[in-house]
Amino acid sequence: MSGLSLPEKQNAGAGAYVILLLISVYCLVPFAWLIIASFDSNPTQFIRWPTEWTVQNYTRIFTDEDGGRWLINSLVVVGGATLLVVVLAGLGGYALSRITAWWKLPFLYLILLVRVLPHTALIVPLYKVLLTANRGIESVTVNLFGARAAREIMRYIGLIDSYLGLIVVLAAMQLPLALWIMKTFFDGVSREYEEAAIMDGANMIQRVRRVLVPLAMPGLAAAGLFSFIFAWGDFLTPLIFTSSPELQMLPLGLFRAFLRVNSIDYGLLAALALVYLLPSVIAFAFARKFLVRTFSGGVKG
Amino acid sequence: MAVIELKNVRKSFGAVEVIKGVDIRIEDGEFAVFVGPSGCGKSTLLRMIAGLEDIDSGDLLLDGKKMNDIAPDKRGIAMVFQSYALYPHMSVAENMGFSLDLAKVPKAEIRRRVEETAAILQLTEYLDRRPQALSGGQRQRVAIGRAIIKKPAVILFDEPLSNLDASLRVQMRAELQKLHRELKATIIFVTHDQVEAMTMGDRIVVLNRGNVAQVAPPIDLYEAPQQEFVAGFIGSPRMNIIPASLAAKGDSTFVMTDLGWAIELPGRLPQDTAEQAGLGIRPEHVRLTSTQADFTAEVTLVERLGVESYVTIEPSGQQLVVRVEGNVDLSPGDTAGFMVDRQHCHLFAQDGTRIDLGGRP
């Protein structure tokens, strides 16, 4: 490029910007359609400026449809799974970082393999396992509390068609990556912090709460964010493991609204899609604050 | 007030014994330095005193009380880490006051003592900053402040100056010595840097492969190293060790070096001394001479530092270094004559122990 004169360079630069602009527009069009259509009183499958603006599409999610329940279900299940992943990955990642054992690396690669396998392929055996476990739990509860009480109890401790089962499965799928993130993170946290805390007189709980957790916040935020986003976007797992309408989550609600036979309600679908993607954006914005918080300076000069 | 005693202390990591029966007594208020090459066990020994490593066998006594199984924070010991390990999520004041906060000292009292400690260390204006907003020297001071705020009887330093640049290191050496005089605490300072050891310690403990090689004040180590290892470790450039054979010659000792020249040292050779030995001569105890040369050799390297110069010679393939005051008018390839200062020669037996000649002070 050094042989080019200044105007030629400027032309080349302008050309690059034009191409980049076209690519950006191409990528942004679906989002633009989504936002515009969700406020359009009569949207079509083509992008167009609405003749009449409305928030009816949004209110219908929560009045005509059971959108509020879907959202709460999604938040409870994905939030619960994320919390479980963060706690387990924090503790496990710390242990995996500090331990020296021959099985450490094989173990880490093994759990990563779980993450690498397409989870559609795992869903059938997983369902079989959970179903068997569920039957076991059910028979124990029926014996203990009788058939009627057992049905109520199973809603909370059952593994099929329940919050708990979904939380456990979603968390199990996100845990390997989170463990890797936390193990790598703790590898970079000097042991001298903990030893300094020991010398300062901190017991185990104080060391975890006042030194390790604050130090681990960027790692926990990263692990939590990835877990939340992957679990939030998961469609297949809630589809397979839940059947009751009262446990329906947002992606399934969206999917079923799309499948209705009579006609496609673009306004409702667009609004629902926006409601569905908003928590991911909020989670990202929330985690970003921790992700960028560097902790250089405590160790070394 | 604290006397530290180690009695036949041992430690193994798996099959490797890293501390092989160490006996040391460090007096109250003493500034003791543990020095040795990397892997000699000095940091492990320090961590055993702190309580961060268990003691496999032997006793650790503080003022006569056995401390082996006492929790680290109950020993009255503070430690400054090599990396400082300041908590990055706490301010300077919180870092220094953390141990008091854990001990449930009232907030006002913590504030008072943090300010008092900060004043000693000239950190008052930085109390609200985070560690990452401080320079290396300031972080070092915060780490010291965190250690001294509980007024410990013993302060342990684990290579605390190794992360500082050279000029700051010299300054911190002086500050630490001043602090030691003010606090009157017993200090153990671990370093691999013999200059730090020589300049700071009241007494130096030289460690080699998990054993104590010698415990002595700095100048004694320099003038009368009890082992060839200590002779080689203390002093820079290293002491020259020349293989030689010894023979008694009346009241003096005849030393025939393997390099083909001989000198006669004052003092009687002890009986039953093996014939083969090492002749140790420090670079500053060999002089350039044109008239009374003990030997001549070709110069292979001249390093001029201004205040002194180091001349390297390689007679018969053995490298020797000679220190000359100021500049020197020699260049590689020149041949020069050298004379050995007989008052400052050391003899070491094949097993590395010192041979003292009789009738010498």
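1. Asn8(B) is found in strand E1 (residues 4–13) of chain B; helices (H or I, at least four residues) and strands (E, at least two) are DSSP runs, numbered from the N terminus. The phi of Asn8(B) is positive, about 45°, although the residue is not a glycine. Is Asn8(B) buried or exposed? Asn8(B) is exposed, with 11 other C-beta atoms within 10 Å. By definition, a residue is buried if 20 or more other C-beta atoms lie within 10 Å of its own, exposed if 12 or fewer, and partly exposed in between, with C-beta atoms placed from the backbone.

2. The model is predicted: local features need pLDDT of at least 70, side-chain atom pairs count only at pLDDT 80 or more, and totals for chains, interfaces and linings use all residues. Residues are numbered from 1 along each chain as its sequence is written, while chains are lettered from A and ligands numbered from 1 in the order in which they are written.

3. Confidence is given as pLDDT, the predictor's confidence in each residue, from 0 to 100. Chain A has a mean pLDDT of 87, and 95% of its residues reach 70 or more. Within chain A, helix H3 (residues 67–98) has the highest confidence, at 94, and helix H6 (residues 147–157) the lowest, at a mean of 84. Over residues 294–301 of chain A the pLDDT is below 50, yet this stretch has 24 contacts in the model beyond near neighbours in sequence. Two residues are in contact if their C-beta atoms, placed from the backbone, lie within 7 Å.

4. Chain A has 12 helices and zero strands. Its radius of gyration is 25 Å, well over the 19 Å that the globule rule gives for 301 residues, so chain A is more spread out than a compact globule. The radius is taken over C-alpha atoms, and the rule is 2.2 Å times the number of residues to the power 0.38. Along its principal axes, the C-alpha trace of chain A spans about 75 × 65 × 35 Å. Buried residues make up 32% of the 301 residues in chain A.

5. Asp161(A) lies in the loop between H6 and H7 of chain A. This residue, other than glycine, has a positive phi near 55°. Asp161(A) is partly exposed, with 16 other C-beta atoms within 10 Å.

6. How many residues of chain A are in contact with chain B? There are 21, and they meet 25 residues of chain B. Helices H8 (191–199) and H9 (204–233) of chain A each supply at least two residues of the side that touches chain B. The largest share of that side, six residues, comes from H8(A).

7. The largest nonpolar core holds 156 residues, of which Leu170(A), Ile49(B), Leu156(B) and Ile188(B) touch the most other members. Such a core is a set of buried Ala, Val, Leu, Ile, Met, Phe, Trp, Tyr and Cys residues joined through C-beta atoms within 7 Å. Helix H7 (residues 163–187) of chain A gives the most to this core, with 14 residues. Not counting residues up to four places away in sequence, Ile49(B) touches Ile4(B), Leu60(B), Ile77(B), Leu156(B) and Ile188(B).

8. In chain B, the peptide bond from Ser236(B) to Pro237(B) is cis, with omega near -5°. Pro237(B) lies in the loop between helix H8 (228–233) and strand E11 (240–249) of chain B.
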